[in-house]
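Keep the viewer open as you read.

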Amino acid sequence: RYLWRGGTEEARRRGAGPRTVAEDDARSLRLVVDLLEAVNHLHCRGSAHLDLSGETLRVRSTSDQRDRLDLIGLGAAVRLQPVPGRTAYQLGTQVAFRAPESLSGPFFESNLRALLLMDAWSVGVLIAMVVSSSGASPFAVEADWARGEFSVEAATSRAVGDAFRDFAPWLQRLDADGGGLLFRHGWLVRLVLGLLTVDPSRRLTVHEACLL
């Protein structure tokens with residue numbers, strides 16, 4: 001279970017009291033920065049993760065009772081599928097975290113920059129979870145045969161399209177679910193909109209996001 005807000009279970013067992021809004025905000029912002037720095041560290045070494053999701057992160061408490069976020073494992077990028085004359089990358093199974101351009105199937109053939117931008121989308125999804133105090137991707141949906149959606153990928157693509165057809169109400173819901181965190185810190189809005197840009201050619205890289 002990923003406790004984005006209010007402290008970890010371990011901290012509660014140690015008798016830590018309720019957090020103030022300022023303390024809650026500071027904790028969430030620290031998790032966002034930890035996430036950006038961890039993925040940027042990987043990208044600066046020329047590696048894409050391709051399997052970023054709530055299951056590849058861990059929130060831990062330090063000795064001074066500060067919660068920090070760790071990235072677990074090397075991701076799906078290490079699993080390369082041999083294809084005659086080229087390399088196709090096997091994508092992660094958590095479809096709700098995958099970039100829109102990767103929703104056509106479980107394999108993706110591209111250059112490194114495109115793969116890093118796919119990670120950037122996943123980071124944006126995770127930040128949206130942090131700012132809304134959610135334990136699930138905002139694009140987590142099931143296939144709906146009544147809509148003509150016969151795969152989770154098709155349903156996720158529709159959910160992304162619905163969100164960004166008019167993103168203002170979507171941002172307002174994120175902010176309300178997170179107790180106002182998103183709009184209290186304008187750079188978080190820039191992060192979410194920059195990383196969750198459907199067109200990958202206009203999407204922020206993780207490195208650019210670290211500089212905001």
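The paragraphs below start with the overall layout and then move to details.

First, some housekeeping. This is a predicted model, in which local features need pLDDT of at least 70 and side-chain atom pairs count only at pLDDT 80 or more, while totals for chains, interfaces and linings use all residues. Residues are numbered from 1 along each chain as its sequence is written, and side-chain values use heavy atoms, with hydrogens and water left out.

The protein has eight helices and five strands, taken as DSSP runs numbered from the N terminus (helices: H or I, at least four residues; strands: E, at least two). Along the sequence the order reads α-α-β-β-β-β-β-α-α-α-α-α-α. Of the 212 residues, 47% are buried, where buried means under 20% relative accessible area, exposed over 50%, and partly exposed in between, using a 1.4 Å probe and protein chains only. Take contacts (heavy atoms within 4.5 Å) between residues at least 6 apart in sequence: 58% of them join residues at least 24 apart.

Now for a helix pair. Two packed helices are described by the angle between their axes and the distance between the axes. Here, helix α2 (residues 21-44) and helix α7 (residues 186-195) have axes that come within 12 Å and cross at roughly 40 degrees. That makes α2 oblique to α7; angles under 35 degrees count as roughly parallel, over 145 as roughly antiparallel, 65 to 115 as roughly perpendicular and the rest as oblique. The axes are lines fitted to C-alpha atoms, for helices over the stretch in contact, with angles running from 0 to 180 degrees between N-to-C directions.

Who does the touching? On the α2 side there are L29, V32, V33 and L36, and on the α7 side W187, L188 and L191. By class, the α2 contact with α7 has seven nonpolar, no polar and no charged residues (nonpolar: Ala, Val, Leu, Ile, Met, Phe, Trp, Tyr, Cys and Pro; charged: Asp, Glu, Lys and Arg; polar: the others, Gly among them).

Stay with α7 for a moment: its buried residues are L188, V189, L191, V192, G194 and L195. They pack against α2, α3, α5 (167-177), α6 (181-184) and α8. The loop between α7 and α8 (206-210) holds T205, which counts as buried at 17% relative accessibility. Leaving out residues up to four places away in sequence, T205 touches R113, L117, A120 and L195.

Next comes helix α3 (residues 112-131). With 17 of its 20 residues buried, α3 is largely enclosed by the rest of the structure. Its end C-alpha atoms are 29 Å apart, which agrees with the 28 Å that its 20 residues should span at 1.5 Å a residue; the expected span is 1.5 Å times one less than the number of residues.

Most residues other than glycine have a negative phi. After α3 comes S133, with a positive phi near 55 degrees. S133 sits in the loop between α3 and α4 and is partly exposed, at 34% relative accessible area. L50, not a glycine, also has a positive phi, of about 70 degrees. L50 is in the loop between α2 and β1 (57-61) and counts as buried at 7% relative accessibility.

Last stop: R158, in helix α4 (residues 152-165). At 24% relative accessibility, R158 counts as partly exposed. Not counting residues up to four places away in sequence, R158 touches R147 and E149.
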